[in-house]
Structure formats: structure tokens, C-alpha cells
Amino acid sequence: MSLSENNSNSEAVRAEALIEQIEEYNYQYYVLDQPSVPDAQYDRLMRELLQLEKDFPNLVSENSPTQKVGGKPAHGFPPIEHLTPMLSLDNVFSEQEFKDFARKISERLDLTTPQGEELSYVGEPKLDGLAISIIYRNGKLEHAATRGDGRTGENVTLNVRTIGSVPLRLRGDFPPLLDVRGEIFIAKSDFEILNRNAIERGEKTFANPRNAAAGSLRQLDPRITAKRKLSVYFYAVGSASDGYLASSHRQRLQQLKSWGLPICPEIQLLSGVNQNIEYYKLISEKRDQLPYDIDGVVFKVDSIDQQQQLGFVAKAPRWAIAHKFPAQEEVTKLTSVDFQVGRTGAVTPVARLEPVFVGGVTVSNATLHNMDEINRLDVRVGDTVVVRRAGDVIPQVVSVVKAERIENAKKIVKPEVCPVCQSAVEKEADQAVYRCTGGLVCSAQRTQSMIHFASRKAMDIDGLGDKLIELMIDEEIIHHLSDIYRLTVDKVSTLERMAEKSASNLIESIENSKQTTLEKFLYALGIREVGEVTAYNLAHQCLDINTIAKSTLQELEAIKDIGPIVAGHIVHFFANPQNLQIINELQQLGVHWPDIEKKSAEMMPLTEQVWVLTGTLSQMKRNEAKQRLLALGAKVSGSVSKNTNVLVAGEAAGSKLTKAQTLGITIYSEDEFVEFLDRIGG
């Protein structure tokens with residue numbers, strides 16, 4: 001369900017835009033290792049979304065990036081489940097924000113001083129690398145995994161074993177089972193050597209040490225990883241055998257060191273807020289002299305008992321915070337502006353700059369976000385501009401030095417048509433982004449459309465992953481969605497690393513995907529803001545795709561949970577003859593689904609009820625539980641409110657369970673939920 005269907009106000013529209021943008025940044029950062037914006041920009045968007053959801057709780061959905069830790073495991077390495085989740089950290093960006101964080105801790109712990117001057121913290125440089133979990137069993141390295149989505153990561157054991165600072169055996173009085181967390185990075189000096197050698201060989205260089213570390217760890221050939229001189233510092237224990245761990249974080253770090261696991265030498269035990277602030281300033285001053293890249297300082301409550309009292313929020317511990325460094329800025333000239341088309345059709349202005357060294361790299365491009373931002377800044381071609389770079393890649397123009405404006409500075413004008421496919425460009429009310437209306441026919445959106453189409457929740461084509469789709473598009477084997485079903489073993493086996501057996505398996509998977517459901521097919525088409533729930537409601541109300549294609553705005557708005565914005569997207573999509581042609585071709589090529597029978601009121605006993613799922617379900621997947629509830633007429637929400645009828649609490653249920661108990665909402669265990677479904681035939 002689209003957020004704007006419950007909230008027609010500007011806050012809901014803004015939340016939708018934030019979620020879309022953050023999800024794109026998460027994909028680039030966690031899966032592709034190709035972040036496209038500075039960390040500061042991502043942090044601002046996340047903080048804005050968090051504040052919106054705090055102010056308007058009914059905007060929170062289970063699909064919001066605030067409800068999860070991070071990204072999905074990348075293709076190429078088998079998935080591996082963490083023994084305990086790998087959580088991320090919340091951020092602060094100013095001294096006052098850190099004081100507010102410390103004050104809240106004091107209040108929760110009921111300390112005698114308002115900002116907890118007597119409270120001990122551990123300060124650690126925030127390494128700019130790649131988080132890793134390593135399991136040692138009986139002192140031997142068993143396996144290693146990246147963070148992934150926090151619960152499941154990528155198995156990179158063979159590559160981690162090549163890192164010189166990672167011990168293959170522990171020493172001393174170690175626990176029989178140890179899950180240790182650390183950060184893999186590449187030293188600045190080793191990074192310079194790596195890029196220098198790449199230049200000599202005529203190869204592409206890495207943008208920065210973090211990308212070099214991430215790319216090196218994900219090499220399919222461990223021998224390549226071994227040559228990259230990766231390093232690691234360990235900073236926490238995920239879990240361990242009972243009776244071995246000390247009662248403070250600092251002591252545990254010393255234990256790790258005694259077992260042969262390296263820790264950062266800059267770590268300090270601190271007392272009270274003032275010492276934390278002084279430590280932040282110290283590390284900030286030393287930042288450029290440190291042999292590795294950092295982007296801030298992490299503060300953790302030292303006492304494990306106090307950590308346990310403070311607990312966790314949805315994605316982060318309450319007892320730790322990352323105090324990020326401010327963005328780095330420089331001044332340069334804006335020479336021209338190009339418009340680029342993103343995977344969602346967003347037409348984004350990109351500033352071309354006179355090259356300037358900022359944030360450790362030479363920058364010649366910067367994002368201008370959208371036309372509203374251009375107008376807000378009153379930026380023009382020829383202006384002297386301030387560029388900020390606080391992350392790994394594309395910086396942003398943050399202001400104009402008006403005093404240096406030249407007489408013939410040119411105003412920036414939006415394009416009337418898509419620069420890629422020449423389709424019309426439109427801007428929706430209350431949104432800042434212009435979009436290409438080409439949809440499935442715009443080549444700039446083609447790659448992501450196909451990735452979405454083949455994904456598990458859509459057509460579920462096993463083996464047709466991101467990289468393979470990109471390769472097929474580059475090799476011009478596929479141009480449109482329908483071309484997927486024209487692939488043959490002969491065509492696929494000509495691709496690099498695709499033997500005949502792999503090609504045969506892929507073609508078999510494509511053939512199997514032809515049997516689907518109408519709601520999955522609708523979701524796979526990638527119609528804007530038509531998620532799983534909206535697709536389900538569309539399918540089961542209209543019953544066939546021809547009816548959907550011919551529906552008016554008024555008819556669509558009459559369907560449960562579909563508002564005017566989503567209805568407009570659906571009408572616009574099916575009004576495009578090229579989209580209809582692709583749908584027709586897919587059906588002619590064998591994509592089909594069973595007929596849907598109109599359900600009676602007796603068959604949907606949960607109509608008008610709101611259910612919430614939380615925790616881990618062991619007897620069925622979360623999505624299966626959600627679909628079964630939808631089939632019974634229920635609305636499945638991602639947040640608990642006074643309107644919630646039932647909460648299903650799986651293992652490790654957290655704040656949602658607590659809130660439901662406070663509100664007196666009916667709570668089912670998983671066993672009770674399964675028994676309920678069996679009883680009503682769901």
C-alpha cells in the first residue's frame with residue numbers, strides 16, 4: 001500500500017520520496033559497492049525520514065528503510081545467517097546532539113547527574129571500511145560473513161582467510177564459540193600502491209580506500225584478495241560461550257587482543273560527556289595523520305549491564321552512537337549542466353565542474369538534485385559554487401558565491417523531453433522530481449526494470465541476477481522484458497562464465513516462471529508505487545488484466561487502499577501503447593496465471609481488520625504469512641497503533657510487542673497464529 005493513500009498531505013508524499021531515494025542509495029552502497037552520494041546526504045535523508053515517522057507514526061511501514069539494518073547480500077557468494085544480528089549505529093552530527101544522546105542515556109539509567117558525568121564510555125575511531133563477522137569454534141576460524149541485511153550476509157570465508165591480520169587460530173583462554181565483529185579496511189599507503197600499480201597496468205583505479213577494501217573482499221578469486229593487503233580491527237563480540245566475557249566493553253576489547261585479534265590503538269576509556277567531546281576533537285585533528293580512513297567517532301557505554309538495560313531500537317543499540325565528522329567543502333566553477341535519467345525515471349541535473357581536490361579526491365561532477373534545488377540555490381552556469389564531499393563519490397553543490405557571479409551566467413532550464421528516449425517529462429504535484437514517462441521503453445530505466453521483473457517477489461527467475469542482466473544488455477542480447485522469454489541455451493552459453501549447464505538451468509528457470517499469478521505479474525511490471533499489497537488488491541478486485549487496463553481513475557480509487565496518486569500511475573502506465581505491446585508479447589510467449597474467482601464476504605472474514613507481524617517466524621516465511629492474511633481480507637501494517645486488531649509475535653519480538661501490550665491489543669504467538677489460520681481455513 002502506498003503511504004499517500006492514508007496520508008494525502010505533503011508529509012506522506014515527502015516520506016514516499018525519501019523511502020524511494022534511500023532504497024536506491026542502500027542498493028548502490030550495500031549491494032553494488034558503488035555509492036552515488038556523500039554519507040552526509042544519506043544521513044540527512046534518513047534523519048528526515050526518521051523524524052517524519054516519529055511525528056506521524058502512521059507513515060511507518062515494514063518496507064521503510066528505518067525498519068531494517070541495511071542491504072541485501074550481493075550475488076556471487078552464498079548467503080550465511082549470522083548467529084546474532086549485525087546492527088548498524090544511529091548518528092549525531094553536532095556537540096549538542098551528542099549531549100542530547102548522553103542525556104537520554106542518563107534518564108533511562110536514572111543516573112544522579114543530568115548528563116551522566118559519572119558514566120564511562122569507550123571512544124573508537126569510526127573506520128571507513130566493510131563490517132565483518134567471524135566465527136571461531138574451538139579457537140579455529142570457521143567462517144566469515146559480511147553484514148548483508150543484518151541477519152544474512154555473504155560467505156567470504158576464503159577471502160578473509162587471506163588477510164594477514166586475521167588469525168586462523170586464537171591463542172590464550174578463548175571461548176569455545178566466539179562471534180567477533182570487526183571492520184576490514186585498506187591502509188592509505190597500501191591504497192596508493194594499489195592504484196599506482198593499476199595505473200601502470202592500464203587498469204581502472206579505485207575511488208577511495210573503502211571501495212578498494214569492499215571490492216577486494218568480494219573478489220571471486222581469493223588469490224586476488226591476498227594481493228590487496230587488507231587489514232582488520234575488531235570492535236565487538238556478537239556472541240560467545242557463557243562464562244568467558246568480561247563485564248565491560250573495554251575489558252572485552254582487551255580480551256580480544258589477548259586472543260590474537262587486533263584492535264584499534266586509538267581506542268580510549270572515557271568518563272562523562274566532556275571527555276567524549278574532547279576525544280572527538282582529538283581524533284578529528286588527527287584524522288589526516290591516521291594511517292587509515294575514518295568518517296567519525298563511535299561512543300559506546302562501557303558497562304555491559306548498562307548496555308543491556310538500555311537495549312535496542314529497531315536497527316541500532318541505544319547504548320552506542322556514531323558522531324560523524326562534518327562534510328568537507330571546496331570552491332570551484334560550474335561550467336555546464338547535464339540531465340541524467342535514473343532507474344526510476346527521475347531526470348536529475350548534474351553539474352559539470354572545473355576539477356577541484358576535495359575530500360581526498362579530484363572532483364569534476366556534482367549533483368544538483370532537482371529543479372527545485374536549482375531554483376532554491378539560484379545556481380547558474382558560470383557561477384562560482386561551494387561543493388561538499390562527505391562520502392565516497394558524487395559530491396553536491398550546496399551554495400553559490402553570489403559576489404563572484406559573472407554577467408553572462410546562464411539560467412538552467414529543465415528538459416522538455418527525456419534526454420535518453422525522447423518521451424515527455426512530467427512533474428507531479430507536491431514533488432520536486434521530474435520524470436521520464438517512457439517507462440518500460442526507456443533504455444535508462446531498462447536495466448532496473450528487468451532486475452525488478454526477475455526478482456524473487458516478482459517473476460522469481462532463479463539465476464537471472466543483476467550482473468547477468470547487465471551483461472546481457474551490454475551484449476545486446478535483451479532489449480525489452482519480453483526478450484527474456486526469447487532467450488535460448490545457445491544465446492546464453494555464449495556469455496562469459498556461462499557454461500552450457502548453467503545456461504540450461506537458467507532457461508529452465510525462465511520457463512518455470514511463465515506460470516505465475518496476476519498479482520505477481522502486476523508487481524513485476526514495475527508500475528510506480530504499485531507494491532505487493534496494491535497489486536494483490538488490484539488483481540482480486542478487477543480479476544483480469546484487461547479490466548485493470550481499461551479502468552478509469554474513479555474505478556481504481558474505489559478499490560481498497562488505492563488513492564488518486566497511485567490510480568494516476570496505473571492509468572498512465574496502461575495508456576502507453578508500448579507498455580501494452582510488451583504485456584501482450586509476454587502473454588504470447590507463454591506467461592500466464594490462473595483465473596481469479598471473486599471472493600464472497602464469507603471467504604474474507606478479516607476484512608477491515610489490521611494485523612501486524614513482528615519477530616522471526618519459523619513455520620512460514622514472513623511474506624507467506626502476509627499473503628495469507630491478505631487473502632482473508634486483512635490489512636497488514638508495519639506499525640502498531642490503536643487501530644491494530646492483532647499482533648503476531650515471532651521469536652525476538654521487540655518494541656512492537658511492547659507497544660501492543662501497552663495498548664491492550666490481542667497478541668498471538670506463532671503457534672496460535674497457525675492454529676487460527678487452520679481454524680478459519682486461511
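In what order do the four strands of the open sheet lie? The legends below, written for a predicted model, begin with this sheet.

**View 1. The open sheet of four strands.** The strands follow the order E20-E19-E21-E22, and their pairing is parallel. Strand E20, residues 635-637, and strand E22, residues 666-669, form the edges, each of them pairing on one side only. On average, neighbouring strands in this sheet are turned by 30° against each other, with direction ignored.

**View 2. The pairing of strands E19 and E21.** Strand E19 comprises residues 610-614, and strand E21 comprises residues 646-649. Four bridges join the two strands in the parallel sense. Within this view, Trp611 is found opposite Val646, a residue of E21.

**View 3. Helices H22 and H24 with the strands of the sheet.** Helix H22, formed by residues 622-631, lies across E19 and E20. The direction of H22 makes an angle of about 170° with E19. Helix H24, formed by residues 670-680, packs on the sheet and touches E19, E21 and E22. Between the directions of H24 and E22 the angle is about 95°.

**View 4. Asp100 in helix H3.** Helix H3 spans residues 95-109, and Asp100 is part of this helix. Is Asp100 buried or partly exposed? Asp100 has a relative accessible area of 27% and is therefore partly exposed, as this class lies between the limits of 20% and 50%.

**View 5. The separation of Asp100 and His452.** Along the chain, Asp100 and His452 are 352 residues apart. In the model, a distance of 41 Å separates the C-alpha atoms of Asp100 and His452.

How values were computed
Residues are numbered from 1 along each chain as its sequence is written. This is a predicted model: local features need pLDDT of at least 70, side-chain atom pairs count only at pLDDT 80 or more; totals for chains, interfaces and linings use all residues. Side-chain values use heavy atoms; hydrogens and water are left out. Two strands pair if DSSP finds at least two bridges between them. Axes are lines fitted to C-alpha atoms, for helices over the stretch in contact, and angles run from 0 to 180 degrees between N-to-C directions. Contact means heavy atoms within 4.5 Å. Buried means under 20% relative accessible area, exposed over 50%, partly exposed in between (1.4 Å probe, protein chains only).
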